[in-house]
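Subject: Structure handover and notes

Dear colleague,

I am passing on the structure that we talked about, and my notes on it follow below. Please keep it open beside this message while you read.

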Protein chains: 2
Amino acid sequence: MHFPLLPLLMNGDSKALARCISLVENEAAGYEQLLENLPAGGHTRVIGITGPPGAGKSTLVNELIQLLLEQGKRIAIIAIDPSSPFNYGALLGDRIRMSQHFNNHNVFIRSMASRGALGGLSPKIIEVSDLIKAAGFDYLFIETVGVGQSEVEVAGVADTTIVVVVPEAGDEIQTMKAGLMEIANIFVVNKADHSNADEFVKNLRLLAHTRQKDNWEIPVIKTVATKQEGLPALIDAIALHQHQIMDNTERHAHLLTEKTYQLIQHRRMKDIDRRALQQQIQQQLTSGEFNLYRFVNTLVPK
Amino acid sequence: MHFPLLPLLMNGDSKALARCISLVENEAAGYEQLLENLPAGGHTRVIGITGPPGAGKSTLVNELIQLLLEQGKRIAIIAIDPSSPFNYGALLGDRIRMSQHFNNHNVFIRSMASRGALGGLSPKIIEVSDLIKAAGFDYLFIETVGVGQSEVEVAGVADTTIVVVVPEAGDEIQTMKAGLMEIANIFVVNKADHSNADEFVKNLRLLAHTRQKDNWEIPVIKTVATKQEGLPALIDAIALHQHQIMDNTERHAHLLTEKTYQLIQHRRMKDIDRRALQQQIQQQLTSGEFNLYRFVNTLVPK
């Protein structure tokens, strides 16, 4: 089969990339063959960025991009929109339209829904990431708005996950950070010019130290994104982590296993139409007794 | 088929309930038939309670239970332990062991993992909830620790979802609450004796007002759980909401659709062994080129 878009994509052509993404998002004829013929690997660093609202993630990402562009890098960003059951679409759209980077040819920005129509992490995020990698970008940032639901799933797609937090009351650090600790490869304490920042950073470092994994000591980087402070240290930490995991086949296999699992699940559940299901259930509820487990058996044999 | 446990369960026998739960959790012989023969309905009010760490959820639930017990009610609690990828097991275990209610026969407490071995919401939560309903408890509280990942999924299992928050800086209310707004049927502002509570409650009420759904104005209840303040108002709000949804067949059908979907997904993905998958991928990575999409095709035909 012939894919005229593929060589253009591999050449880093932004229009070809946009067309490939449309193909994949619309599941248009040939999109599966396109994915099956993507070249392996590439050098793209896939960076997940997450953290609670108000931590200044957007400013941080904007300033990071600025700095990396000055270094001549090509950057892609997927802004994850946790559209279901929430809707941040408009919010993100506004921010992206306003962005100073929107017309720079070394930058590719895309907003995507975190959830597929079937629930679970959208397989489109996996597929679009692979298209971006094939297009040879130096960095792909996957940014989640950070309401919590999709962060952990997105961490499964990224090579390096950065968790952005702000200095806060010390007594919550234990519970609050336990979940984030599992996914963080790098911590950023943004707004590090706040008065209680040093104490917070000290505690977070102590906690991070207890969670070393694969010979990787989770670094805690202090930034003040609004003043462009701490960004070179963050870029160094990313490079170090990428170097650290480069030859870790087990880690790569683990990431690919999660992606495989998500894609299989998506494919197997594709035939289930929630709307039709609900109509069927509503009818049965109206006409008499309903038992969930007997109902499931009529749909899927044990 | 004969189920000697079923009449005991329906009689509210705690030991029978515990044994039924063990059957279901271990997927022991006959557990599916047990579920298929559970009676419909029951009068149990299923209440999801969630909110960020530090909001005082545990104290609130403890005080609620105390009050409802004094009213002669029978209460069940499922404490959701988001064990994967996090682990709060020990934490919850300690709290439950310490609980003053642990030996009261009108109280049934169970800690469960939020995630199934296969990922996604554990189908065991759905199944155990149905056992508790069959045992005729007046209330079933499903409490999530509130790191965010499972809250939304648990809201899909509850008739009424209570979101517990504390007064905080006004500028974060818009983004922070957007997600919670979608799942909240009732807001509780705990620690309402804080100085900025009134302003916060006012803003939250304004925001809640814009999100009315199904003729339900999301109430914002002020509590000080440590001083037992505001709890009767909360119990009233729960009763009102339950009355409101009682005859809403569409809503019931929607809840049952989500449960059906989860159970189907669990059944269909049961054969996928992540560990074996990872070994296979690791081998392929070592021996040459790996394409995710071709690999998925070898496992699951398109």
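Does A:Gln228 count as buried, partly exposed or exposed, and what is its relative accessibility? At 45% relative accessibility, A:Gln228 counts as partly exposed, where buried means under 20% relative accessible area, exposed means over 50%, and partly exposed is in between, with a 1.4 Å probe and protein chains only.

Before going further, please note that this is a predicted model, in which local features need pLDDT of at least 70 and side-chain atom pairs count only at pLDDT 80 or more, while totals for chains, interfaces and linings use all residues. Residues are numbered from 1 along each chain as its sequence is written, chains are lettered from A and ligands numbered from 1 in the order in which they are written, and side-chain values use heavy atoms, with hydrogens and water left out.

Backbone angles

Most residues other than glycine have a negative phi. A:Gln228, although not a glycine, has a positive phi of about 55 degrees, and it sits in the loop between β7 (220-222) and α10 (231-245) of chain A; helices (H or I, at least four residues) and strands (E, at least two) are DSSP runs, numbered from the N terminus. A:Lys191 is not a glycine either and has a positive phi of about 55 degrees; its place is in the loop between β6 (186-189) and α9 (197-209) of chain A, and with a relative accessible area of 31% it is partly exposed.

Salt bridges

Side chains of opposite charge can pair when their charged atoms come close. Over all chains, a search of the whole structure finds 18 salt bridges, each being a side-chain nitrogen of Lys or Arg within 4 Å of a carboxyl oxygen of Asp or Glu. One of them joins A:Lys270 to A:Glu27, with the closest N and O atoms 3.0 Å apart. A:Lys270 lies in the loop between α11 (249-269) and α12 (274-287) and A:Glu27 in the loop between α2 (14-25) and α3 (31-36) of chain A, so this pair ties together parts that are 243 residues apart in sequence. In chain B, B:Arg110 forms a salt bridge with B:Glu25, the closest N and O atoms being 3.2 Å apart. That pair links distant parts of the chain, since B:Arg110 is in strand β3 (residues 107-113) and B:Glu25 in helix α2 (residues 14-25), 85 residues apart. Salt bridges that share partners also join A:Glu27, A:Lys124, A:Glu127 and A:Lys270 into one network.

Two helices in chain A

The axes of α6(A) and α11(A) come within 9 Å and cross at roughly 130 degrees, where axes are lines fitted to C-alpha atoms, for helices over the stretch in contact, and angles run from 0 to 180 degrees between N-to-C directions. The two helices α6(A) and α11(A) are therefore oblique to each other, given that angles under 35 degrees count as roughly parallel, over 145 as roughly antiparallel, 65 to 115 as roughly perpendicular and the rest as oblique. The contact (heavy atoms within 4.5 Å) is made by A:Pro123, A:Ile126, A:Glu127 and A:Lys133 of α6(A) and by A:Lys259, A:Gln262, A:Leu263 and A:His266 of α11(A).
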